[in-house]
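Please open the structure in your viewer and keep the selection tool at hand.

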Amino acid sequence: MNIGNKKVGAASLGAFLALSLVASACSKSEDQPAVPGSASTSPSSSQATSAQPLSKYSPPIEVSTVRSVDATFKYAQGDSIDSNIWTKIFENEYGIKVKNVWSVDASQYHQKLNVSVASGDIPDFLEVNKEEMKRLADADMLEDLTKVWEQAASPYLKNVLNQDAGVGFKAATIGGKLLGIPKTYANGGISTAPMLYVRTDWLQKLNLPEPKTMDDLFKTATAFAKQDPDGNGKADTIGLALNKDFMDGGHGSLNGFFNGYHAYVDIFVKDSAGKLVYSSVQKEMKEPLKKLQELYKDGVLDKEFGVKPTTKIQEDVAAGRVGLAFGTVADGGFIQKENHTKDPKAQWKVYPLFSIDAKPANPQLWDTANTFYVVKKGSKHPEAVIQLANIYTNRFYETSYAPNPNPFISDSKTGIFPGKYAPVVIDPLNTNLDAFRKVQEALKKGDGSKLDFPANIHYDRMSKFKAGDDTMWFSNMVMGADGTYSVIDKYDQAKIGQYNLFIGSATPAMSEKLPTLKKKVYETYTKIIMGDAPIDDFDKFADEFKKLGGETIEKEVNDWYNKNK
């Protein structure tokens, strides 16, 4: 289970990549006729036939779903969520008519879905979160996709959803049955790891070396706060950016700082006895909190951090008030970019996490999937949702889609991005990491003519930057040899990264108690950092946490873990 708010990085990198999604021409094999496949494991769907991966149904079939939309869904004249380029591709080329039973704004989706679930009226397939999937499973309303997946998924789709070594599928398996298909994102897995952003022109101005250790980080942060790196004669710079929601993983969070002390926030990890425990109240957290308290007292941290959201930190960076911040892989492409755009002298570099001791820092990672595509039990074509996933991944990634109009190109004039219309969206976790490696190799050779999507886009941007086009600075910040993906590459090569070890749906005690307990974690941490509470209050709070429900939560979590190892 992903306990905190873990969507900041996904949205931001999506915005970065959607600036110009272009695919090169490709050849397309002729559709093959459908052949009968094995029936679903449910007797009620014994007459259903499975099309071979990427083949065409004959006769055509119809499947129903429900959709979540928002203000970013824009349509060309005559198009809608019910009729668009994707519905035509599915129906004309694959014999699948997708019918939307209803569509609502994203803010109302789960409320509307709850009504449908309560009435027992759900479509053939739908997107749900972990709790909704568990509720549907408990009501015996979901199809077992274990055999259907093996039969209907294309080799490429299977590869895509195995990039996390099965973590997503484990989350979708309840009672030994695969009840959902994980919805993964292109910047997931190792690409969610935190890193340190440092303003290097300030290092040069203050004659400071590049930081290599945690001690260097402290010295640099102190200098940035007290030695007037912007040269305006005012004490208005921030040593280390920190936002009020410092466990959310956004820019200015403390995840990376804590990881340097081998501490983790808002996830479940193993203790020395092999038991799962809630990371935020473990003894490893005390030392970094003590250090943050010292930094705050010394004026290195922003005195107003307790009321600053991530958006305010972004404004501080853009205004040239920040020189150090922990963030994620996408941040440099739009947060530091704003700073450089306003002040071309501003230069930034990213670094892997430092460790407080000889043991390497292990970066905290987000869940690879928080939502899943599930199929109503008894659906005539339980394999259809997998076929839709086959089509999406094949068109977007396995081949480079060429027809005009291309659903993966965002219209710069209208803002229309037809890629959003697809009812099933599954992206390879390592798409952008793989692209980084391809781009770096192509740049060394000076030839990007054979690159596929999205590496060809990044190569074009990097080539322009190297030729002097400073508007491509943001691309170099992310895809350059020393860019953010170079840090992700180092993490991946080292085979490090700490996932949440509890990936099930919320337990009863967790649903009831954890939101309140998390607020207390924030309150306690903030008081300690600001010096309003002594560091020893952490120990008192850790004990209080258990008494207020933490002990029950951990028992339920370990019951789940022991059944799902």
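Two strands count as paired if DSSP finds at least two bridges between them. The model on display is a predicted one.

**Stop 1**

Select Leu196 and then Tyr351, a residue of strand E11; Tyr351 is the bridge partner of Leu196. Now extend the selection to the whole of strand E7 (residues 195-199), which is joined to E11 by four bridges, the two strands running antiparallel.

**Stop 2: a parallel pair and its crossover**

Next, select strand E1 (residues 61-69) and strand E2 (residues 96-105), which run parallel and are joined by nine bridges. One place to look is Val63, whose bridge partner in E2 is Val98. Follow the chain from E1 through helix H2 (residues 85-94) to E2: this β-α-β crossover is right-handed.

The peptide bond that joins Ser58 and Pro59 is cis, with omega about 5 degrees. As a general rule, most peptide bonds are trans.

**Stop 3: aromatic rings**

How many aromatic pairs does the structure hold? There are 22. A pair of aromatic rings is described by the distance of the centres and the angle of the planes.

Select Phe218 and Phe257, whose rings form a tilted pair, 6.3 Å centre to centre and with 55 degrees between the planes. Phe218 belongs to helix H9 (residues 214-226) and Phe257 to helix H10 (residues 255-259), so this pair ties together parts that are 39 residues apart in sequence. Both Phe218 and Phe257 are buried.

Phe258 is buried, as is Phe257. These residues belong to one aromatic cluster, whose members include Phe218, Phe257, Phe258, Tyr296 and Tyr525.

Stay with Tyr296 and select Lys303, which lies over the face of this ring, 4.2 Å from the ring centre. Elsewhere, select Lys337 and Phe474: the charged end of Lys337 sits over the ring of Phe474, 5.1 Å from its centre.

**Stop 4: the two sides of a helix**

Select helix H13 (residues 335-342), in which Ile335, Gln336, Asn339 and His340 are buried. These residues cover an arc of only 135 degrees around the axis, which puts them on the same side of H13. On the other side of H13, Thr341 and Lys342 are exposed. An α-helix has 3.6 residues a turn, so residues three or four places apart point the same way.

**Stop 5: two positive phi angles**

Most residues other than glycine have a negative phi. Select Ala165, in the loop between helix H6 (155-160) and helix H7 (167-171); its phi is positive, near 60 degrees. Ala165 is exposed, with a relative accessible area of 69%.

Finally, select Lys495, in the loop between helix H18 (484-494) and helix H19 (508-529). Here phi is also positive, near 55 degrees. Lys495 is exposed, with a relative accessible area of 69%.

Technical notes
Residues are numbered from 1 along each chain as its sequence is written. This is a predicted model: local features need pLDDT of at least 70, side-chain atom pairs count only at pLDDT 80 or more; totals for chains, interfaces and linings use all residues. Side-chain values use heavy atoms; hydrogens and water are left out. Rings of Phe, Tyr and Trp (its six-membered ring) pair if their centres lie within 6.5 Å; planes under 30 degrees apart count as stacked, over 60 as edge-to-face and the rest as tilted. Buried means under 20% relative accessible area, exposed over 50%, partly exposed in between (1.4 Å probe, protein chains only). A charge sits over a ring if NZ of Lys or CZ of Arg is within 6 Å of the ring centre and within 35 degrees of the ring normal. A crossover is right-handed if, with the strands pointing away from the viewer, the path from the first strand over the helix to the second runs clockwise. The arc is that of the directions from the helix axis to the C-beta atoms.
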